[in-house]
Structure formats: structure tokens, C-alpha cells
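Colleague: Could you take me through the salt bridges in this model, and look closely at how they are placed?

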Amino acid sequence: QEQLVESGGGLVQAGDSLRLSCTASAHTFNTYHMGWFRQAPGKERTFVAAVTWNDNIRQYAPAVKGRFTITRANDKNTIYLQMNSLKPDDTAVYYCAAGGWDQADEYKYWGQGTQVTVSS
């Protein structure tokens with residue numbers, strides 16, 4: 001069983017940056033592809049970014065490509081989401097997940113989420 005804990009969310013202004021972290025509990029972390037999703041109020045959970053288990057491939061949603069960067073540190077059982085040039089539309093609860101790719105229903109494990117709010 002993989003437990004995931006996100007951190008790093010907060011309230012920022014448009015144009016600012018934030019870095020989210022997600023730390024996994026199990027030693028099997030290194031075998032999983034990992035992803036970030038987000039869910040705005042009243043909307044479905046959507047894909048943000050994913051990284052392969054060996055950090056060989058990274059994929060981004062069009063809305064964040066060029067602004068967000070997903071990375072992982074397998075020695076720390078942690079993935080990161082560096083978010084730059086934030087916009088009010090980026091406001092959402094951000095979730096990390098393990099064991100899938102760009103579709104939410106592929107993932108086996110989810111964190112509890114961290115709130116990101118971007119004011120204009």
C-alpha cells in the first residue's frame with residue numbers, strides 16, 4: 001500500500017511561483033510512474049503532468065506546458081511540481097498519484113490534495 005502526502009500549496013498572486021511536493025511512504029515508489037492532477041470547484045479532476053518511474057519521459061497538459069515542471073527524486077521517494085507564471089485559472093486542489101499515466105482512472109494511489117489559490 002502506497003501512501004502519498006502532498007505539501008507546498010498556498011495563496012499567491014498571478015505571476016508568482018510555487019513548488020509542490022509529494023512524498024511516498026513505500027519503497028516501491030521507484031517502480032511507479034507518478035502524476036499530478038488538479039480539481040477546481042465544481043469541475044472534474046484533470047491531468048496536469050506525469051513522469052515515468054526512471055524520469056525518462058515527462059508529459060504535460062497543454063494548459064501548463066512551458067510553465068510547470070514535474071521532477072522526481074527517487075532517493076527521497078518524492079516528486080515535485082514547479083509551477084511558474086501562475087494564473088487565476090490554476091486555482092485548484094492539486095493531487096499527486098502513483099501507478100498510472102494521464103488518465104485519473106489508471107491510478108492506484110492518491111494523496112489527500114493541497115490547495116493552490118492564485119489571485120488576480
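Modeller: Happy to! Let's begin with Arg38 and Asp90, whose side chains form a salt bridge with an N to O distance of 2.9 Å. Bear in mind that this is a predicted model. Arg38 sits in strand S4 (residues 34–39), while Asp90 belongs to the loop between strand S8 (78–83) and strand S9 (92–98), so their pairing ties together parts that are 52 residues apart in sequence. Both partners are buried; for Asp90 the relative accessible area is 1%.

Asp90 has another partner as well: its side chain also meets that of Arg67 in a salt bridge, at 2.8 Å from N to O. Here the loop between S8 and S9, which holds Asp90, is joined to the loop between strand S6 (58–60) and strand S7 (68–73), where Arg67 lies, so this pair ties together parts that are 23 residues apart in sequence. Arg67 has a relative accessibility of 11% and therefore counts as buried, the cut-off being under 20%. Put together, Arg38, Arg67 and Asp90 make up a network of salt bridges.

The search of the whole structure gives 3 salt bridges, and there is one we have yet to visit. Asp55 pairs with Arg58, with their closest N and O atoms 3.0 Å apart. Asp55 is partly exposed, at 27% relative accessible area, and Arg58 is also partly exposed, at 36%.

Definitions and conventions. Residues are numbered from 1 along each chain as its sequence is written. This is a predicted model: local features need pLDDT of at least 70, side-chain atom pairs count only at pLDDT 80 or more; totals for chains, interfaces and linings use all residues. Side-chain values use heavy atoms; hydrogens and water are left out. A salt bridge is a side-chain nitrogen of Lys or Arg within 4 Å of a carboxyl oxygen of Asp or Glu. Helices (H or I, at least four residues) and strands (E, at least two) are DSSP runs, numbered from the N terminus. Buried means under 20% relative accessible area, exposed over 50%, partly exposed in between (1.4 Å probe, protein chains only).
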